[in-house]
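The sequence and structure are shown first.

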Amino acid sequence: MRKPRDFDAELKALGDKARGLKSRKVQQLGEVVIATGADALSVDELAGALIVLAETKEAGKREAWAKRGAAFFQSRARRNAPTNDRNTDGPPTQPSGAPPASSRKGAT
């Protein structure tokens, strides 16, 4: 005899997963706004620009914007990727770019 499914637990798990995905989407949208420099715009300006983008039905414009966005993220990925021509003589840095705690003044 098979064990009966707990539909309530499955629905709760799906709801939790959906909330997590929505939260991650909102966080990533905020990261995109900051990465592009759009956080310097007022909320009204940003909302207006997004409304115009969402209302645009011209495939050519949307495709051009998509290409520009893809190029933006590809250039950021290249800038953030480790390269072999960096100066490796100094102490290694933290991922944030800060020097390790042992090399800071006053560290013991």
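## Overall fold

The model is predicted. The chain contains 3 helices and 0 strands, and its order along the sequence is α-α-α.

Of the 108 residues in the chain, 4% count as buried. The accessible surface of the chain is about 10,000 Å², and carbon and sulfur atoms account for 58% of that area.

## Thr 56

Between α2 (43-55) and α3 (59-80) runs a loop that holds Thr 56. Thr 56 has a relative accessible area of 12%, and because buried means under 20%, Thr 56 is classed as buried.

The side chain of Thr 56 has a polar atom 2.7 Å from the backbone oxygen of Val 52. Leaving aside residues up to four places away in sequence, Thr 56 is in contact with Lys 61, Arg 62 and Trp 65.

## The largest pocket

The largest pocket holds about 650 Å³ of space. Its lining consists of 18 residues, of which Val 32, Thr 36, Leu 50, Leu 53 and Trp 65 are the closest to the centre of the pocket.

At least two lining residues come from each of α1 (7-36), α2 and α3. The largest share belongs to α3, with 7 residues. By residue class, the lining of the largest pocket comprises 15 nonpolar residues, 2 polar and 1 charged.

Technical notes:
Residues numbered from 1 in each chain as written. Predicted model: local features only at pLDDT ≥ 70, side-chain atom pairs only at ≥ 80, totals over all residues. Heavy atoms only, no water. Helix = DSSP H or I, 4+ residues; strand = E, 2+ residues; numbered from the N terminus. Buried < 20%, exposed > 50% of the residue type's maximum accessible area, 1.4 Å probe, protein only. Areas by Shrake-Rupley, 256 points an atom, 1.4 Å probe, with all protein chains shown as cover. Polar contact = N/O pair within 3.5 Å; in protein donor to acceptor, adjacent residues only side chain to side chain. Contact = heavy atoms within 4.5 Å. 1 Å grid on protein atoms, 1.4 Å probe; cavity = no way out; pocket = protein on both sides within 12 Å on 5 of 7 lines; lining within 4 Å. Points joined across faces, edges and corners; volume = space filled by probe spheres on them. Nonpolar A, V, L, I, M, F, W, Y, C, P; charged D, E, K, R; others polar.
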